[in-house]
Amino acid sequence: MDSNTSPAVRRLLRFLPWLVVVAGLLLTLQLYRLVERQGAVVRQAEIRRHSNEVAASLQSRMRTHNLILMGVASFFHSSDTVSREDFHQYIEGLKLPVYYPGIQAVGYTTLVSPRDLDHHIATLRAQGLPDYTIHPTG
């Protein structure tokens, strides 16, 4: 600095590096906050997208399961009697492991009155289920 520089200018020049540092820090803080907000927006969008994908997948599976159950109901409505073998052939024809790999089983239950219980058990045992019984008894 030359000797003609006023004391005010000298003070300003002495504090100028600190002003630049403070301004740089403030600018960095603002940029950090901006990037943080943008990151939060991106994370929220990703969560929303993933949630929508999961919901759509669940809805699709529920529609598929509903269609399978409607088909089974229609199968039973198409005949006065449906044997275990008829039902087994129908379910095998659906090829569940190939076309619907998430479905592990489809079954049905017969309503048996107490007076028909012995006959029902004897019939199923005669069909190759020697240990068949109904629990709880009675």
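Biologist: Where in α1 is the kink, and how many degrees is it about?

Modeller: This is a predicted model, and in it α1 has a kink of about 40 degrees at Phe 15.

Biologist: Thanks! How many residues does α1 have, and what does it reach from its first C-alpha to its last?

Modeller: Helix α1 covers residues 7-77, which is 71 residues. From first C-alpha to last it reaches 104 Å, close to the 105 Å expected at 1.5 Å a residue.

Biologist: Which residues of α1 are buried?

Modeller: Those are Gly 39, Ile 68, Gly 71 and Val 72.

Biologist: And what do the buried residues of α1 pack against?

Modeller: They pack against α2, residues 84-94, and α3, residues 96-99.

Biologist: OK, tell me about α1 and α2. At what angle do their axes cross?

Modeller: Roughly 145 degrees, with the axes coming within 11 Å. The crossing of α1 past α2 is right-handed. On the α1 side, the contact is made by Ile 68, Gly 71, Val 72, Phe 75 and Phe 76. Asp 86, Phe 87, Tyr 90, Ile 91 and Leu 94 make it from α2.

Biologist: Switching to the core: which residues are in the largest nonpolar one?

Modeller: There are nine: Ile 68, Val 72, Val 82, Phe 87, Ile 91, Leu 94, Leu 96, Ile 103 and Val 106. Both α1 and α2 give two or more residues to this core, and α2 gives the most, with three.

Biologist: Let's pick Ile 91. What is Ile 91 in contact with, leaving aside its neighbours within four places in sequence?

Modeller: Ile 91 is in contact with Val 72, Leu 96 and Val 106 once those neighbours are set aside.

Biologist: New topic, His 120. Which helix is His 120 found in, and why does His 120 count as buried?

Modeller: His 120 is in α4, residues 117-126. His 120 counts as buried because its relative accessibility is 15%, and the cut-off is under 20%. Not counting residues up to four places away in sequence, His 120 touches Thr 110, Val 112, Tyr 132 and Ile 134.

Biologist: What about Leu 124, buried or exposed?

Modeller: Leu 124, which also lies in α4, is buried, with a relative accessible area of 9%.

Biologist: And what does Leu 124 touch, not counting residues up to four places away in sequence?

Modeller: Leu 124 touches Arg 84, Leu 129 and Tyr 132. Arg 84 is 40 residues from Leu 124 in sequence, but their C-alpha atoms are 9.4 Å apart in space.

Note on methods
Residues numbered from 1 in each chain as written. Predicted model: local features only at pLDDT ≥ 70, side-chain atom pairs only at ≥ 80, totals over all residues. Heavy atoms only, no water. Helix = DSSP H or I, 4+ residues; strand = E, 2+ residues; numbered from the N terminus. Expected span 1.5 Å × (residues − 1). Bend = angle between axes of the 7 residues up to and from the residue. Buried < 20%, exposed > 50% of the residue type's maximum accessible area, 1.4 Å probe, protein only. Contact = heavy atoms within 4.5 Å. Core = buried A, V, L, I, M, F, W, Y, C linked by side-chain atoms within 4.5 Å. Axes fitted to C-alpha atoms, helices over the stretch in contact; angles between N-to-C directions. Left-handed = near helix turned anticlockwise from the far one by under 90°.
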